[in-house]
Amino acid sequence: MFGFGKSENAEELFQRGLCYYDGKGVPQDEVKAFELWLKAAEEGHAGAQYKLGWMYDCGLGVEKNKSEAVKWYRKAAEQGNVEAQYNLGNMYKNGLGVEKNKSEAVKWYRKAAEQGYAEAQNYLEFMAEDGDGDAQY
């Protein structure tokens, strides 16, 4: 676009997607935001991958699809995106888009908790109080 390398281009696409999603400087357009984030996500941008997961999860700008949400959350989570790690934990905890799997839920909650994500820390605490030894944080 502007002579940027691959990662700068992905960041630019991500930022433009935020503008369209929020309607900052441009008309609000969830579909356009989705399209921009998809391009950035395909280039490996973790923030865009998380946003795609969230949009598929909620059905914003795209038809709701929990399996696609899991796919994009996982890509972002594996890169260390804390929100994606937490949401992936939720997907496993509740069996949304994947089979319910307490161990996987704990794994992803723990990764988010280790980065200081309070909601994940709370879930691990609640799970441990309910007698789930795997959930110790």
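Over which residues does pLDDT stay under 50? In this predicted model, the stretch is residues 1–6, for which there are 8 contacts beyond four places in sequence. Across the protein chain as a whole, pLDDT averages 91, and 90% of the residues score at least 70.

Of the 137 residues in the protein chain, 39% count as buried. Contacts between residues at least 6 apart in sequence include a share of 42% that join residues at least 24 apart.

The buried residues of H4 are Ala69, Val70, Trp72, Tyr73, Ala76 and Ala77, and they pack against H2, H3, H5 and H6. Tyr73 has contacts, beyond its neighbours within four places in sequence, with Gln49, Tyr50, Gly53, Trp54, Asp57, Ala84, Asn87, Leu88 and Met91.

Ala77 also belongs to H4, which covers residues 66–78. Its relative accessibility is 3%, and Ala77 is therefore classed as buried, the limit being under 20%. Setting aside residues up to four places away in sequence, Ala77 touches Ala84, Gln85, Leu88 and Trp108. Between the C-alpha atoms of Ala77 and Gly89, which lie 12 residues apart along the chain, the separation is 9.9 Å.

One of the partners of Tyr73 is Asn87, a residue of helix H5. Asn87 counts as buried because its relative accessibility is 12%, which falls under the 20% limit. Apart from residues up to four places away in sequence, the contacts of Asn87 are Tyr50, Trp54 and Tyr73. Tyr50 and Trp54 are also among the residues in contact with Tyr73.

Helix H7 has 12 residues and reaches 16 Å from its first C-alpha to its last, close to the 16 Å expected at 1.5 Å a residue. Its buried residues are Ala120, Leu124 and Met127. These cover an arc of only 65° around the axis, so they sit on the same side of H7. The helices that the buried residues of H7 pack against are H5 and H6. After H7 comes Gly131, with a positive phi near 90°.

Finally, a word on the cysteines. A disulfide is a covalent bond between the sulfur atoms of two cysteines. The structure holds 0 disulfides. Cys19 has a relative accessible area of 32% and is therefore partly exposed, as this value lies between the 20% and 50% limits. Cys58, with a relative accessible area of 35%, is likewise partly exposed.

Technical notes. Residues are numbered from 1 along each chain as its sequence is written. This is a predicted model: local features need pLDDT of at least 70, side-chain atom pairs count only at pLDDT 80 or more; totals for chains, interfaces and linings use all residues. Side-chain values use heavy atoms; hydrogens and water are left out. Helices (H or I, at least four residues) and strands (E, at least two) are DSSP runs, numbered from the N terminus. Buried means under 20% relative accessible area, exposed over 50%, partly exposed in between (1.4 Å probe, protein chains only). Contact means heavy atoms within 4.5 Å. A disulfide is a pair of cysteine sulfur atoms within 2.5 Å. The expected span of a helix is 1.5 Å times one less than its number of residues. The arc is that of the directions from the helix axis to the C-beta atoms. pLDDT is the predictor's confidence in each residue, from 0 to 100.
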